Amino acid sequence: MAKRIDVSGLHVYYGDFLAVEDVSMTIEPRSVTAFIGSSGCGKSTFLRTLNRMHEVTPGARAEGKVLLDDLDIYGAEVDPVLVRSEIGMVFQKANPFPTMSIYDNVIAGARLNNKRMPKSEADDLVEESLRGANLWEEVKDRLDKPGSGLSGGQQQRLCIARATAVKPSVLLMDEPCSALDPISTLAIEDLIHKLKEDYTIVIVTHNMQQAARVSDRTAFFNLSAPGKPGKLIEMGETNQIFTRPEKKETENYITGRFG
Amino acid sequence: MTTTDSPKAAPPPAGKRRIGDVVFAGLARGSGILILLILAGVAAFLLVQAWPSLMANTSNFLTDQSWDANSRENPSFGVAALAFGTVLAATIALALATPVAIGIALFIVYYAPRRLAATLGYLVDLLAAIPSVVYGLWGMMILAPKLVPVYEGMTRYLGWIPLFAGPASTSARTLLTAGIVLAVMILPIITAMSRDVFQQVPQGHREAALAMGATRWEMIRLAVLPFGKSGIVGGAMLGMGRALGETMAVAMILSPSLAISFDLLQSGNQTIAAHIALQYPEATGYGVSALIAAGLVLFAITLAVNMGARYVVARGNKESA
Amino acid sequence: MSMTTTQPPAPGSEAGSRTELSTGALPRRFPLLLLAGSALVVAGVLAAFSSFGPVAWALLTAVAYTVIIVTASVRVEGGRKAKDRLVTAIVYGCFLLAMAPLVSLLYTVADKGLDRFSPYFLTVSMNGVLPSMDAGGVYHAIVGTLAITGMATLMAVPIGVLTAVYLVEYAQGRLKKVITFFVDVMTGIPSIVAGLFVVALWMMLFGPGKTNGAAGAISLAVLMIPVVVRSSEEMLRLVPQDLREASYALGVPKWRTIVKVVLPTSAAGLTTGIMLAIARVIGETAPLVLTAGSSAVSINWNLFDGQMMNLPVFIFSQFRMGGAVNYERAWAAALTLVLVVMLLFFLARVIGRLFAPKTR
């Protein structure tokens, strides 16, 4: 069940350094939201605060509010472990567990909560997740082979299957295609289109054509000056951002790249 | 010959340069070869000097348990009990040290506050800096007396387990005590190897586990331990190699007797290395030669274990590459 | 697709603030308070039975803490969290368990060693001192340790560093593999076997029963060489390739590049490695018992003539004599030896820290 995310007044710090300043935005359910901006502008950092993955980095902390359908994920009683099983993540570099088979990779997260899942239920979940990730037909005959034997694009889809097997409501994708060739990229983009029927999807991308192709709404991040914190400059319908941006900075970035 | 291969290198006086290179390369190469010669020498001299006693031995060197080599006539000695004690002591050390070492490595890499981690790791390394003779002194005079009541308790309540059969030694100078001290001595070795592999676990794998809602322990179970398996096994075997050859701590702690016995809480057993150190000063007749033969057996056992360790580590590196 | 976690509702927490993103959580300070609490209670109970001892206290506190926190966590936070807390407690426990012998050892060595540790002890030998007399010291053993370790270092360092240079800068193919393999083999030689090797060598050269410092030094060198090779190899590999190429491009021949660029760049690392190697062999006892003898009592600076006492063997032989004075001497000598090793260890780290990051 896709959920809405409401961010208000979020600051992210690395130690004393303010990395991202005062972001407020709403991310709609059952849609794809793209974050664009130059490298180091804080969009990936911000993305990681949406499921508290930034806490893995020593010294990183966030201040502000992030509501997942009215529940503050930074609330005092909230357990980051549960936040992450509700808001899944796919990384820039495909990272299937190298010692596990394809099957075990998909089921790994689900097993954490349900140790004694019956075999038939597990089989169903694996098939459902792999089908959902458009990977089933390619791997159904070698589920017991290691996941690291797949191609880069297949590995990335395996990671998506692994993330969806936990049944999250939101999927965060941190430049999921930047290490892939154009054909694999296309396969992932097709998949994103399909996944947005069920999930809220947030994708960070360097590739503006990709943002234009896959997203419904786009948020543009930028540094106010070198060494200064990153900021959300503008957010709106993708169409509007790419054709009639309201801010000069957005227009410069977009035309500069497209130019 | 190996000279500079840079095309830009404008050759200085040609003859001079070549001589310098040849001499230096020769020196370096010579050192490498010298190492091979030393090793060949170790094996050869040991064999040559062990040979007379092995020839004169009236019992089977590999299966006999007694040691009576100090006579000029008809020496009778065998390495069976010693080899057994050696392997048993090292196995105890390994069984005790490996789980603790994994715990320490996890602590340093994933649990300790990051600012303290390096210092705490350094403290563990200090354990490796303490000379084995000091461990022996400590094990015999401090640890053993403390263990006497523990062993008595163990024979009383766990005596039904064959390993812990009574009556417990009243001095606790037993193989288990030696094994405990050996375990402390090899902890830093296993810890260091495990730490290395744990630190090499790609961030991507750890984040993948956390991102699907794993707790810290589940992250370790899913991403860290499978990745570090070969490093842990390799480290454990290197530690065992060290424990097999350790001399002084065992020689000072153990109240020896030559027997094949699984009773860890009773006096008995002896290891090859400790036996050599204790017997050597009093060795006469074929004594020294026989001890050298025992040393060869020790060399062979440690060699096999160390080679196994390198093999496991190398295979693990290949797999994860 | 609802939450798949099925956690029992937390009995103690206020129902209003609970959300489906949170199971019950133990208060942040709870582990620390619990630890302090268990320590106090255990201390009290032990004192009541008048059997207070630091080991029993630490052990029981750890057990009590682990049991309570896991039980509490199972009830409040659920099974997965509880397992996480259990592992956390075990992992911390492993570290503390390893620290226990270190602390006990260092404390005992300092405590018992100081009984006899004095300028007098460090500056006189055992010459003319009967084992049970309340006199004598370790000067002769310090002399022996310096001489033997010094000679071993002089032999092992050139061979070790040059071999490392060969492996990193020159070697290719078969010979490289063979040498690397046998350096590994050499690393695993038990120290007593290194001693036996020299015994065997000496028997062939000089006949049985000849012991002197040089024999001890050779056996230590055999143990030291592989350690020096390994650490030097690692350091030489850290020298960036650009640096070598820059030197070649200036027309400097290869051997001068190594001597003038590669070795100086890695000098700090090499020194650290060598000092750690010295620290390792300076405490070696077994090979020296066999080679340098264990009965010398007087000062002997000559490596090639007669037995030579040294600190580790001194500890061992005093220990074997077994009288009260002998034990005191053994502990004081142990304190001396541990101080020397620690000093080497710290110096090695300091040198490594201060001078290492010259490149990049």
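How are helix 2 of chain C and helix 3 of chain C oriented to each other, roughly parallel or roughly antiparallel? In this predicted model, the axes of helix 2 (residues 54–76) of chain C and helix 3 of chain C cross at roughly 165 degrees and come within 8 Å. Because angles over 145 degrees count as roughly antiparallel, helix 2 of chain C and helix 3 of chain C are roughly antiparallel to each other.

**Helix packing in chain C**

The crossing of helix 2 of chain C with helix 3 of chain C is right-handed. From helix 2 of chain C, the residues A62(C), Y65(C), T66(C), I69(C), V70(C), S73(C) and V74(C) take part, and they meet G79(C), K81(C), A82(C), R85(C), L86(C), A89(C) and G93(C) of helix 3 of chain C. By class, this contact of helix 2 of chain C with helix 3 of chain C is made of 8 nonpolar, 4 polar and 2 charged residues.

Helix 3 of chain C also packs against helix 14 (residues 324–355) of chain C, at an angle of about 125 degrees and with the axes 8 Å apart. That angle makes helix 3 of chain C oblique to helix 14 of chain C, and the crossing of these two helices is left-handed. Here V109(C), A110(C), K112(C) and G113(C) of helix 3 of chain C meet W331(C), A332(C), A334(C), L335(C) and V338(C) of helix 14 of chain C. The contact of helix 3 of chain C with helix 14 of chain C counts 7 nonpolar residues, 1 polar residue and 1 charged residue.

**Chain B**

The domain assignment of chain B separates domain 1 (1–56) from domain 2 (76–320), and the C-alpha centres of domain 1 of chain B and domain 2 of chain B are 36 Å apart. Domain 1 of chain B gives 8 residues to the contact with domain 2 of chain B, which in turn gives 7 residues. On the domain 1 side of this contact in chain B there are 6 nonpolar and 2 polar residues, with no charged ones.

Helix 4 (residues 132–158) of chain B packs with helix 5 (residues 175–200) of chain B at an angle of about 130 degrees, and their axes are 10 Å apart. Helix 4 of chain B and helix 5 of chain B are therefore oblique to each other, and helix 4 of chain B passes helix 5 of chain B in a right-handed crossing. The residues S132(B), Y135(B), G139(B), L143(B), A144(B) and L147(B) of helix 4 of chain B meet T177(B), V181(B) and M185(B) of helix 5 of chain B. This contact of helix 4 of chain B with helix 5 of chain B has 6 nonpolar residues, 3 polar residues and no charged residues.

**Annotated spans**

The following annotations come from unreviewed UniProt entries. For chain B, UniProt lists "transmembrane region" at residues 26–51, 77–110, 122–144, 164–190 and 285–305. For chain C, the "transmembrane region" annotation covers several spans, including residues 30–49, 86–110, 138–167 and 330–351.

| Span | Helix | Strand | End C-alpha distance |
|---|---|---|---|
| residues 77–110 of chain B | 91% helix | 3% strand | 52 Å |
| residues 122–144 of chain B | 91% helix | 0% strand | 27 Å |
| residues 30–49 of chain C | 95% helix | 0% strand | 28 Å |
| residues 138–167 of chain C | 97% helix | 0% strand | 41 Å |
| residues 142–348 of chain C | 80% helix | 0% strand | 21 Å |
| residues 5–248 of chain A | 35% helix | 27% strand | 27 Å |

Conventions
Residues are numbered from 1 along each chain as its sequence is written. Chains are lettered from A and ligands numbered from 1 in the order in which they are written. This is a predicted model: local features need pLDDT of at least 70, side-chain atom pairs count only at pLDDT 80 or more; totals for chains, interfaces and linings use all residues. UniProt positions are given in the numbering used here, feature names are shortened, and annotations may be inferred rather than shown by experiment. Helices (H or I, at least four residues) and strands (E, at least two) are DSSP runs, numbered from the N terminus. Axes are lines fitted to C-alpha atoms, for helices over the stretch in contact, and angles run from 0 to 180 degrees between N-to-C directions. Angles under 35 degrees count as roughly parallel, over 145 as roughly antiparallel, 65 to 115 as roughly perpendicular and the rest as oblique. A crossing is left-handed if the near helix is turned anticlockwise from the far one by less than a right angle, and right-handed if clockwise. Two residues are in contact if their C-beta atoms, placed from the backbone, lie within 7 Å. Ala, Val, Leu, Ile, Met, Phe, Trp, Tyr, Cys and Pro count as nonpolar, Asp, Glu, Lys and Arg as charged, and the others, Gly among them, as polar. Domain bounds come from an automatic or database domain assignment.
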